[in-house]
Amino acid sequence: MKIAYLTGEYPRATDTFIQREVAGLRQLGLDVVTCSIRRTDVEHLVGTEQREEATKTFHVLESAARPMSALRAQLRALAKPARYFSALGLAWRTAPKGIRGRLFNLIYFAEAAVLAAHMQDQRVTHLHNHIAKSSCSVAMIASTLSGIPYSFTLHGPDIFFAPDHWRLDAKIARARFVACISEFCRAQAMFFSATEDWDKLKIIHCGVDPGRYQPAERSGNRLLFVGRLAAVKGLPVLFDAFAKSRADNPNLSLTVVGDGPDRAALVARAKMLGNSDAINFTGYRSQSEVAALLANHDALVLPSFAEGVPVVLMEAMAANLPVIATQVGGVGELVSHGVSGLHIPPGDPDALANAITSLMANPDMREQMGAAGRKVVEAAFDANLEAARLAKLFRSGHALPSEKRPEVTQ
């Protein structure tokens with residue numbers, strides 16, 4: 001079989017788990033071609049692997065923006081009029097309310113025609129989408145146009161804020177199966193879908209390659225954050241907590257890996273708090289560079305207000321690194337409080353400061369939590385094992401009965 005992978009932007013520094021999944025499926029013998037709605041910005045191509053993937057990826061929007069390419073795709077789709085008008089009706093029925101919503105779904109229809117033509121040229125037999133928003137709308141319509149079945153991976157949490165807008169119910173109903181990244185995600189999908197579709201909802205974790213991550217020499221004073229510099233990540237809370245913790249431990253430092261719309265404001269906040277000398281903003285880094293940073297830091301901190309199951313926590317735990325994280329979304333399915341890390345309430349700088357201070361003061365605790373976290377990742381969040389489960393779904397030709405997953409022991 002031949003599988004087309006589609007997402008909004010591929011490859012991208014913040015979504016390396018998709019790249020790992022594609023690589024894992026290819027190692028298992030599946031033929032995977034990658035498609036992206038938009039071309040990824042250069043700053044998101046942070047490493048040889050990503051740059052190579054980018055050169056092999058089909059860009060839907062660029063093709064749809066070429067008049068002759070778009071016209072040929074429409075004429076080709078019209079050769080199957082029943083499918084064509086069924087897909088057009090689907091685009092119309094599932095559009096968000098208002099003129100703007102209808103217009104966007106007609107654009108998605110045009111993109112879907114281009115994608116359908118590309119998949120037919122490539123002899124694709126199954127389409128899989130990551131991130132169930134606009135790119136999944138394109139995937140759903142393209143599946144109807146081409147007759148090629150589709151599935152998607154459901155992440156959250158943002159789509160659960162507007163499931164009606166994105167017609168999550170229709171996407172689940174028409175999908176061959178839905179890979180949910182956590183029990184929390186599956187529960188949300190059950191809430192927003194028909195009972196008869198629940199058996200389609202399968203748990204397929206995002207994962208990491210534990211072999212990529214190994215600890216190095218650690219000083220006991222280095223904190224690490226990895227993620228998008230955006231409001232949802234709660235970085236102002238971390239900066240306030242860091243200032244409080246540093247009053248007790250002047251040698252404490254914080255490395256901030258990532259970029260985003262809040263970077264300038266965060267740099268200003270660090271300066272205002274008098275911590276510019278102790279906070280290092282690195283921008284985006286490649287997978288290998290992140291692995292090296294995880295190896296020589298002492299704890300990873302993730303003060304988010306909303307999450308699915310953060311891959312960066314898996315990476316840290318694979319590197320024997322204890323984590324401090326807010327217990328939101330599916331974080332509790334990965335991190336057990338007091339065993340592999342510490343949970344703190346979101347938006348509470350005092351609680352976060354106390355967690356940082358206690359963890360940095362106790363090297364034995366850090367070592368024990370790091371070892372426990374590594375075991376969890378090896379057992380239940382290994383990218384190769386998750387790719388094998390996903391490959392089984394692809395090869396089955398239909399939704400499989402629920403598979404008993406290994407228990408997460410911590």
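Is Arg123 buried or exposed? Arg123 is exposed, at a relative accessible area of 69%. Buried means under 20% relative accessible area, exposed over 50%, and partly exposed in between (1.4 Å probe, protein chains only). The model is predicted: local features need pLDDT of at least 70, side-chain atom pairs count only at pLDDT 80 or more, and totals for chains, interfaces and linings use all residues. Residues are numbered from 1 along each chain as its sequence is written, and side-chain values use heavy atoms, with hydrogens and water left out.

**View 1. The whole chain has 17 helices and 13 strands.** Helices (H or I, at least four residues) and strands (E, at least two) are DSSP runs, numbered from the N terminus. The C-alpha trace spans about 70 × 45 × 40 Å along its principal axes. Of the 410 residues, 57% are buried.

**View 2. Seven strands form an open sheet with parallel pairing.** The order is β3-β2-β1-β4-β5-β6-β7. Two strands pair if DSSP finds at least two bridges between them. At the edges stand β3 (58-59) and β7 (201-203). Each has a single partner strand, so one side of each lacks a neighbour in the sheet.

**View 3. Strands β1 and β2 run parallel.** Seven bridges pair β1 (residues 2-9) with β2. Lys2 has Asp31 of β2 as its bridge partner. Strand β2 (residues 31-38) is mostly covered, with six of its eight residues buried.

View 4. Val178 has Leu201 of β7 as its bridge partner.

View 5. Pro11 sits in the loop between β1 and α1 (16-27). Pro157 belongs to the loop between β5 (150-154) and α8 (168-174).

**View 6. Arg123 and Asn320 have positive phi without being glycine.** Phi is about 60° at Arg123. The loop between α6 (98-122) and β4 (126-130) holds Arg123. Phi of Asn320 is near 60°. Asn320 lies in the loop between α13 (311-318) and β12 (323-326). Arg123 is exposed, whereas Asn320 counts as partly exposed at 23% relative accessibility.
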